[in-house]
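Q: Could we go through this model together, beginning with the terms and then moving to the particulars?

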Amino acid sequence: QDLGRLSTARTRFLFHHVHAAAAFSTGSLEQCMRHLEDGHSVLGSDRDKFIEEPNLAISTLSNLIYVKVALGYFEAAQMLLHEFHTLPSNWNMPETEDLDLKLFATSTSLELTIHTRMGAFDKALELLPVVERGMAHHADRLGPMRKAAFYYLIAYAYLGSGQTDKALRWINRLMNDIHMDESAEIVSFGRILNLLALLDAGQLDLLPYTLRNTGRFLSTRKRMHRFEPMVLAMVRGAMKTRNAETRNKIYRTFLEQLLPLEADPFERVVFDHLDPIAWVQSKLSGRPFAELAKERAMRVRAAA
């Protein structure tokens with residue numbers, strides 16, 4: 001409908017809410033961001049109309065932060081994260097266990113995401129005590145998807161900082177300690193992260209079995225991302241060769257295959273979970289993964 005014909009705050013909010021969801025589903029993140037910003041503005045200017053529904057403020061602002069991170073607006077995302085922490089007082093939210101859980105799970109995972117997307121893996125790992133305290137406090141009420149997301153982000157931060165042994169421990173917790181729907185995206189990326197960590201750690205004896213299991217897992221769930229067969233082929237080739245020149249040729253082929261994926265909306269989810277381009281560039285150049293991830297994040301930020 002024509003936005004000008006919508007007379008109430010609720011219909012204006014719903015207009016932006018629906019358009020944001022539709023834009024997100026098609027990968028139109030700039031459009032999604034604009035509608036989330038407009039919806040957030042409606043909630044702020046007409047707070048009295050929504051004061052009984054504070055969850056709308058929490059979900060809209062957290063979605064806006066996530067999309068800004070995906071687009072490279074890191075400073076803006078961090079500013080909004082500070083605003084997120086003020087929501088309980090601004091919206092007069094009663095202090096409850098439910099609210100405490102929601103704020104911990106959402107704000108901490110968003111902060112971890114900001115740091116890992118920026119390649120600031122050391123900053124992400126500084127949050128580990130907060131994550132562990134929060135998970136212990138909310139152990140009985142934290143859902144499996146939230147737990148899996150924390151395990152994955154910490155594992156990825158350890159991988160990015162070069163601490164592959166600790167990365168593998170957190171990946172094992174993700175794959176073995178959480179009973180959840182294995183069709184979930186996070187499980188697939190956890191298995192892929194496991195392959196990269198084993199390569200980094202030089203544990204080539206474990207790779208054939210792990211690669212076979214991962215390939216079977218992805219095929220039975222009819223995974224459809226182009227990235228997945230690419231990474232499996234790269235690992236298969238890299239683990240078989242002991243020749244540095246041949247291995248680098250495999251990495252260069254993988255890099256050439258990855259570059260076009262960044263512009264593919266359907267493959268965007270890959271880069272939401274990790275930066276395989278920075279990872280393989282580190283293999284080819286010998287430079288630290290974190291250093292290259294930061295450089296790539298700065299280029300995204302400059303473009304934004």
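Q: What kind of model is it, and how are residues numbered?
A: It is a predicted model, in which local features need pLDDT of at least 70 and side-chain atom pairs count only at pLDDT 80 or more, while totals for chains, interfaces and linings use all residues. Residues are numbered from 1 along each chain as its sequence is written, and side-chain values use heavy atoms, with hydrogens and water left out.

Q: How many helices and strands are there?
A: The protein chain has 17 helices and 0 strands. Both are DSSP runs numbered from the N terminus: helices are H or I with at least four residues, strands are E with at least two.

Q: And the overall dimensions?
A: The C-alpha trace spans about 70 × 40 × 35 Å along its principal axes.

Q: Turning to aromatics, what counts as a pair?
A: Rings of Phe, Tyr and Trp (its six-membered ring) pair if their centres lie within 6.5 Å; planes under 30 degrees apart count as stacked, over 60 as edge-to-face and the rest as tilted. By this rule there are 9 aromatic pairs.

Q: Why is the pair of F121 and Y156 edge-to-face?
A: The ring centres of F121 and Y156 are 5.3 Å apart and the planes stand at 80°, so the pair is edge-to-face. It joins distant parts of the chain, with F121 in helix α7 (residues 121-126) and Y156 in helix α9 (residues 144-160), 35 residues apart.

Q: Buried or exposed, those two?
A: F121 is buried at a relative accessible area of 1%, and Y156 is buried at 4%.

Q: What about F227 and F254?
A: F227 and F254 form a tilted aromatic pair, 6.5 Å centre to centre with 40° between the planes. This pair also links distant parts of the chain: F227 lies in helix α13 (residues 227-240) and F254 in helix α14 (residues 244-258), 27 residues apart. F227 is buried, at 1%, and F254 counts as buried at 2% relative accessibility.

Q: Which residues do ring pairs link into a cluster?
A: Ring pairs link F121, Y152, Y156 and F289 into a cluster.

Q: Where do charges sit over rings?
A: The rule is that NZ of Lys or CZ of Arg is within 6 Å of the ring centre and within 35 degrees of the ring normal. The charged end of R173 sits over the ring of W170, 4.4 Å from its centre. R191 has its charged end over the ring of F217, 4.1 Å from the centre.

Q: New topic: how is a pocket defined here?
A: On a 1 Å grid over the protein atoms alone, a pocket is an open set of points with protein on both sides within 12 Å along at least five of seven lines, whereas a cavity is a set where a 1.4 Å probe fits but cannot get out; lining residues have an atom within 4 Å of a point. Grid points are joined across faces, edges and corners, and a volume is the space filled by probe spheres set on the points.

Q: What is the volume of the largest pocket?
A: The largest pocket has a volume of about 1,500 Å³. It is lined by 50 residues, of which Y66, A70, R117, D272 and H273 are the closest to its centre. The largest share of that lining, 7 residues, comes from α4.

Q: And its lining by class?
A: The lining of the largest pocket has 29 nonpolar, 13 polar and 8 charged residues. Ala, Val, Leu, Ile, Met, Phe, Trp, Tyr, Cys and Pro count as nonpolar, Asp, Glu, Lys and Arg as charged, and the others, Gly among them, as polar.

Q: What about the second largest pocket?
A: The second largest pocket holds about 230 Å³ of space. Its lining has 13 residues, with N172, M175, N194, Y209 and T210 nearest its centre. N172 is found in helix α10 and is partly exposed, with a relative accessible area of 36%.

How values were computed
Buried means under 20% relative accessible area, exposed over 50%, partly exposed in between (1.4 Å probe, protein chains only).
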